[in-house]
Amino acid sequence: SIYDLLGAGVIKSPSNGAVPGRDPNDTPESRTAQIFAIMDEDNNGVITEGEFIRGCMADRVLYQMLTADTSDPDR
C-alpha cells in the first residue's frame with residue numbers, strides 16, 4: 001500500500017489495534033496533512049497542478065511512491 005511505501009507499514013496487533021513502536025499520532029491522515037501543507041506553497045488550501053508537480057519532484061520518497069521507482073532513495 002502507499003502507506004507501506006512511506007515507511008510506516010507496521011502490522012496492527014489483532015488484540016487491541018495498537019501499532020507497536022509507532023507514534024499514535026502518526027496516521028495516514030496526519031501524513032496526508034503534512035504532505036498537503038508542504039505542497040500548498042501559497043497556503044490557500046488548494047494544490048495547483050504546478051504545486052503538485054514541484055512538490056512531487058522535490059520529495060524523493062513521494063516521487064518514488066508515485067512513479068513506482070524502487071531505487072535506493074539515499075542515492
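**A salt bridge and its surroundings**

I begin with R54, a partly exposed residue with a relative accessible area of 45%. Here, buried means under 20% relative accessible area, exposed means over 50%, and partly exposed lies in between, computed with a 1.4 Å probe on protein chains only. Before I continue, please note that this is a predicted model, in which local features need pLDDT of at least 70 and side-chain atom pairs count only at pLDDT 80 or more, while totals for chains, interfaces and linings use all residues. Residues are numbered from 1 along each chain as its sequence is written, and side-chain values use heavy atoms, with hydrogens and water left out.

With which residue does R54 form a salt bridge? The partner is E41, at 2.9 Å from N to O. The term salt bridge denotes a side-chain nitrogen of Lys or Arg within 4 Å of a carboxyl oxygen of Asp or Glu. The pair links distant parts of the chain: E41 belongs to the loop between α2 (28–39) and α3 (49–58), whereas R54 sits in helix α3, 13 residues apart. Helices are DSSP runs of H or I with at least four residues, strands are runs of E with at least two, and both are numbered from the N terminus. E41 is also partly exposed, at 46% relative accessibility. In general, side chains of opposite charge can pair when their charged atoms come close.

A search of the whole structure gives two salt bridges. The other pair to mention is D26 with R31, whose closest N and O atoms are 3.7 Å apart. D26 is partly exposed at 21%, whereas R31 is buried at 18%.

Let me return to the loop between α2 and α3, where N43 is also placed. N43 has a positive phi of about 50°, although it is not a glycine. At 64% relative accessibility, N43 counts as exposed.

I now turn to the overall arrangement. The protein has four helices and zero strands, and its elements run α-α-α-α from the N terminus on. Of its 75 residues, 17% count as buried. Among contacts (heavy atoms within 4.5 Å) between residues at least 6 apart in sequence, 21% join residues at least 24 apart.

How do α3 and α4 pack? Helix α4 covers residues 60–67, and the two helices pack at an angle of about 105°, with their axes 5 Å apart. Axes are lines fitted to C-alpha atoms, for helices over the stretch in contact, and angles run from 0 to 180 degrees between N-to-C directions. The helices α3 and α4 are therefore roughly perpendicular, a term that covers 65 to 115 degrees. In this contact, F52, G55, C56, M57 and A58 of α3 meet R60, L62, Y63 and L66 of α4. These residues divide into seven nonpolar, one polar and one charged. In this scheme, Ala, Val, Leu, Ile, Met, Phe, Trp, Tyr, Cys and Pro count as nonpolar, Asp, Glu, Lys and Arg as charged, and the others, Gly among them, as polar.

Also in helix α4 is T67, which is partly exposed at 41%. The C-alpha atoms of T67 and C56 are separated by 9.9 Å, with the two residues 11 apart along the chain.

Finally, I turn to the record. UniProt, in an unreviewed entry, places the feature "domain: EF-hand" at residues 27–62. The end C-alpha atoms of that span lie 16 Å apart, and the span is 69% helix and 0% strand.

Terms used
UniProt positions renumbered as here; feature names shortened; annotations may be inferred. Parallel < 35°, antiparallel > 145°, perpendicular 65-115°, else oblique.
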